[in-house]
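Please keep the sequence and the model at hand while reading.

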Amino acid sequence: LNNLIFFMLVCLPLQGEEITKTYIVKVGGIKIGELVWEMSLTTNNYSNKLKLRSKGLLSGLYSFKGDYFSEGKNHKNQLIPEKYTHFWQTKKTIKEMELIFSKNKLATIKQEPLEEEKIRLNVFDVENTNDPLTSFLKIIMGKKNTLVVDGRRLYSMEAHHDEIANQTTINISNYTNLWADHKRNKFEKIIFEKKTEQILPFKMLIFFDGKVFRLEED
């Protein structure tokens, strides 16, 4: 869940667009949470704000809270990331991450708790990296693939649209863990459906760590 991150069909959004959607989150048909997504796109700037909260019958046993934010410049429909943050909390842990981008590269990583290992990949020299939420908007605006860094991992996302099923699948590839000497990939893919006249989807399936998280518009 900590990497809920999410992508769309090619569609040029209207400038000055501000949208808020609420999604019910289910696993195996059981409601486990709620996600509120606020997206803003103007002529010069863009931002995403996501709030994820545990809700439902299991919230007493498994409670969680996640806040995700990204912002940057919009230069002639080319999104340039500047800042990404996320906050993740359960009963046992709290994790915070801040990424700063400069000139289409990752400039700094700040995280709590601090990582004890040395970074295994010089991700700061990798060009055209994006945070997860910016990657989502780039795919909305016509990109077929993006290069993503979330502070823990570097990976590619590639979009494929099925016109018959009216679904878009985002596959994860070229996965590298920044801090460990392995390539475990718990984040497998995303399948989403959207209406032609809307920017954000009404349904998403997130395949993560052997589970399928179903998000449907409330």
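## A buried proline and its distant neighbour

With a relative accessibility of 0%, Pro201 counts as buried. The model described here is a predicted one. Pro201 belongs to the loop between β12 and β13. Its C-alpha atom is separated by 9.9 Å from that of Tyr23, although Pro201 and Tyr23 are 178 residues apart along the chain.

A pair of aromatic rings is described by the distance of the centres and the angle of the planes. The count of aromatic pairs in the model comes to seven. One of them is formed by Tyr155 and Tyr175: the ring centres are 6.1 Å apart and the planes stand at 15°, so this pair is stacked. Planes under 30 degrees apart count as stacked. The pair links distant parts of the chain, since Tyr155 is in strand β10 (residues 153–162) and Tyr175 is in strand β11 (residues 167–177), 20 residues apart. Tyr155 counts as buried because its relative accessibility is 1%, and Tyr175 is likewise buried, with a relative accessible area of 10%.

Tyr155 also forms an aromatic pair with Phe187, and this one is edge-to-face, with 6.1 Å from centre to centre and 90° between the planes. Phe187 lies in strand β12 (residues 187–193) and Tyr155 in strand β10, so the pair ties together parts that are 32 residues apart in sequence. Both Tyr155 and Phe187 are buried. Through ring pairs, Tyr155, Tyr175, Phe187 and Phe208 are linked into a cluster.

## Helix α1 and its ends

Helix α1 spans residues 132–140 and is mostly covered, with nine of its nine residues buried. The buried residues of α1 include Pro132, Leu133, Phe136 and Leu137.

The N-terminal end of α1 is capped by Asp131, which has a side-chain oxygen 3.0 Å from the backbone nitrogen of Leu133. Just after α1, Gly142 takes a positive phi of about 125°.

## The second largest pocket

Rolling a probe the size of a water molecule over the atoms shows where empty space is left. The second largest pocket holds about 210 Å³ of space. The elements that give two or more residues to its lining are β5 (78–90), β8 (129–130) and β9 (145–149). Strand β9 provides the largest share of this lining, with three residues.

Which residues line the second largest pocket? They are Gln78, Leu79, Asn104, Asn128, Thr129, Asn130, Lys138, Lys143, Asn145, Thr146 and Leu147. By class, the lining of this pocket has two nonpolar, seven polar and two charged residues.

Most residues other than glycine have a negative phi, and most peptide bonds are trans. Asn128, a residue other than glycine, has a positive phi, near 60°. Asn128 is in the loop between β7 and β8 and counts as partly exposed because its relative accessibility is 49%.

The place of Asp209 is the loop between β13 (203–208) and β14 (211–217). At 40% relative accessibility, Asp209 counts as partly exposed. Elsewhere, Glu112 and Pro113 are joined by a cis peptide bond, with omega at about 0°. Pro113 is found in the loop between β7 (105–112) and β8.

Where is Ser47 found? Ser47 is in strand β3, which covers residues 45–54. Is Ser47 buried or exposed? Ser47 counts as buried, because its relative accessibility is 17% and buried means under 20%.

Leaving aside residues up to four places away in sequence, Ser47 touches Glu38, Met39 and Ser40, among others. Its contacts also include Phe69, Ser70 and Glu71.

Note on methods:
Residues numbered from 1 in each chain as written. Predicted model: local features only at pLDDT ≥ 70, side-chain atom pairs only at ≥ 80, totals over all residues. Heavy atoms only, no water. 1 Å grid on protein atoms, 1.4 Å probe; cavity = no way out; pocket = protein on both sides within 12 Å on 5 of 7 lines; lining within 4 Å. Points joined across faces, edges and corners; volume = space filled by probe spheres on them. Helix = DSSP H or I, 4+ residues; strand = E, 2+ residues; numbered from the N terminus. Nonpolar A, V, L, I, M, F, W, Y, C, P; charged D, E, K, R; others polar. Buried < 20%, exposed > 50% of the residue type's maximum accessible area, 1.4 Å probe, protein only. Contact = heavy atoms within 4.5 Å. Polar contact = N/O pair within 3.5 Å; in protein donor to acceptor, adjacent residues only side chain to side chain. Phe/Tyr/Trp six-rings, centres within 6.5 Å; stacked < 30°, edge-to-face > 60°.
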